[in-house]
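This briefing is an introduction for someone meeting the structure shown below.

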Amino acid sequence: MNRIEICRPKSTDKQKLTQFFTTVIQDTFAKEGISLFHEDLKNELETKNAYLQSDFDSNGTERYFLIAKDGQEIVGTIEYGHSTELINRTTGGALRDVYEIGTVFVHPGYQRCGIGSLLLNTMLLTFLNRGIEEFCMDSGYASAQTIWTRKLGYPDYWLKDYWGEGSDHMVWRRKMKDVPIIFRGILNDKNSGGSYETTNDQL
């Protein structure tokens with residue numbers, strides 16, 4: 001891993017991002033033991049591509065993406081936009097006017113190296129710069145729920161067995177003043193160490 005750059009996606013990144021989404025979603029479904037849910041996988045991919053297109057079409061107004069690059073390779077994504085219909089339905093509309101952070105994806109070969117935290121913290125700085133005082137997140141993946149519970153604490157909404165027995169859905173609502181923003185100078189790299197930089201165009 002070389003220097004990690006956090007930046008806004010360009011239209012020329014679209015094909016790479018589509019492949020990136022496919023790789024991460026397939027890997028996630030495999031790890032969650034739901035690879036046979038082909039229609040769900042297809043819908044998830046279509047949703048992420050639609051969010052990306054919404055970013056391009058609205059110049060970041062409707063959906064706003066940041067990407068992490070290692071050289072020319074896309075290794076991570078994060079975005080925010082209006083809270084989804086799923087969040088609104090499962091919370092009784094309580095988060096209808098709260099921005100949602102989503103599509104926090106890290107390439108399987110780069111996971112557990114700090115890239116997800118780097119993306120999240122950069123997005124939180126974006127919120128501070130834009131005067132956004134609170135946000136929400138949701139997850140139906142057990143592996144992601146463990147990570148977000150560790151980072152954000154106990155979820156505000158915990159829907160037991162929402163996706164079937166043993167498959168819960170969780171939603172977090174957090175105020176910016178309650179979430180620490182911590183940057184570390186060196187990303188954890190299993191092989192060679194590395195550094196990162198952020199660019200000003202996302203703030």
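In this predicted model, helix H1 passes helix H2 in a right-handed crossing. The points below begin with that pair of helices and then turn to the strands and the cores.

**Helix packing**
- H1, which covers residues 14-32, and H2, which covers residues 38-58, pack at an angle of about 150 degrees, and their axes lie 10 Å apart.
- On the H1 side the contact involves residues including Leu17, Phe21, Ile25 and Phe29, while H2 contributes residues including Leu41, Leu45, Leu52 and Phe56.
- By type, the residues of this contact divide into eight nonpolar, five polar and four charged.

**Strand pairing**
- Strands S2 and S3 run antiparallel and are joined by eight bridges, and they form a hairpin with two residues between them, where Gly71 in the turn has a positive phi of about 70 degrees.
- S3 also runs antiparallel to S4, to which six bridges join it.
- Tyr80 of S3 stands opposite Tyr64, and Tyr80 also stands opposite Ile101 in S4.
- Eight of the 10 residues of S3 are buried, so this strand is largely enclosed by the rest of the structure.

**Nonpolar cores**
- The largest nonpolar core has 28 residues, of which Ile101, Ile115, Met123, Leu124, Phe127 and Phe135 touch the most other members.
- Among the elements that give two or more residues to this core are strands S2, S3 and S4 and helix H5, while helix H4 gives the most, with seven residues.
- A second, separate core of 15 residues includes Leu17, Phe20, Leu41 and Leu52.

Conventions. Residues numbered from 1 in each chain as written. Predicted model: local features only at pLDDT ≥ 70, side-chain atom pairs only at ≥ 80, totals over all residues. Heavy atoms only, no water. Axes fitted to C-alpha atoms, helices over the stretch in contact; angles between N-to-C directions. Helix = DSSP H or I, 4+ residues; strand = E, 2+ residues; numbered from the N terminus. Left-handed = near helix turned anticlockwise from the far one by under 90°. Contact = heavy atoms within 4.5 Å. Nonpolar A, V, L, I, M, F, W, Y, C, P; charged D, E, K, R; others polar. Core = buried A, V, L, I, M, F, W, Y, C linked by side-chain atoms within 4.5 Å. Buried < 20%, exposed > 50% of the residue type's maximum accessible area, 1.4 Å probe, protein only. Pairing = 2+ DSSP bridges.
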